[in-house]
Amino acid sequence: MKLLLAGIVLILIVEANAQWYTFPGQAAQGARDMYRAYSDMKDANWKNSDKYFHARGNADAAARGAGGRWAAEVISNGREWVQERTGHGAEDSAADQRANEHGRNGGDPNVYRPPGLPDGY
């Protein structure tokens, strides 16, 4: 219950300029963008492509607005937190976070695109 209340309060104070009625929709669409990038990464199964999909998912979500940016940040930080706790390297996590921030801040995800990745991604 405390976690739910904390989440609600966080949503309310996330962005002063976020309009309350668009934020939840943007967040849901941003979460869907993040899932699509993850699904595409699994589908592509391409060596050294994870940073590209991190940046792309965050860029797509952040383009939705304040809610999408918030969703991308929460999902990205949560994923990296879990990975660090399950024994993945801190260096890889830091590199993933750089790609996440690059995408969320409007950077071009193609900077991280590996050579030969099919055009469908």
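Contact, in these notes, means heavy atoms within 4.5 Å.

I'm working on a predicted model, where local features need pLDDT of at least 70, side-chain atom pairs count only at pLDDT 80 or more, and totals for chains, interfaces and linings use all residues. Numbering runs from 1 along each chain as its sequence is written, and side-chain values use heavy atoms, with hydrogens and water left out.

**α3 against α4.** I looked up who meets whom: His-54, Asn-58, Ala-61 and Ala-62 of α3 touch Gly-68, Arg-69, Ala-72, Glu-73, Ser-76, Arg-79 and Glu-80 of α4. Helices here are DSSP runs (H or I, at least four residues), numbered from the N terminus. α3 covers residues 50–62 and α4 residues 66–85; they pack at about 150°, axes 7 Å apart. I took axes as lines fitted to C-alpha atoms over the stretch in contact, with angles from 0 to 180 degrees between N-to-C directions. The pair is therefore roughly antiparallel (over 145 degrees).

**Lys-51.** This one sits in α3. I have Lys-51 as buried, because its relative accessibility is 15% (buried is under 20% relative accessible area, exposed over 50%, with a 1.4 Å probe and protein chains only). Leaving out residues up to four places away in sequence, I found Lys-51 touching Asp-92, Ala-95, Asp-96, Ala-99 and Tyr-112.

**α2.** I then checked residues 23–44, which form α2. Its buried residues include Phe-23, Gly-30, Asp-33, Met-34 and Met-41. Down the axis, the buried set falls within an arc of 145°, so it lines one face of α2 (the arc uses directions from the helix axis to the C-beta atoms). On the other side, I noted Arg-32, Tyr-35, Lys-42 and Asp-43 as exposed. Just after α2, Asn-45 has a positive phi of about 50°.

Definitions and conventions:
Helix = DSSP H or I, 4+ residues; strand = E, 2+ residues; numbered from the N terminus. Parallel < 35°, antiparallel > 145°, perpendicular 65-115°, else oblique. Expected span 1.5 Å × (residues − 1).
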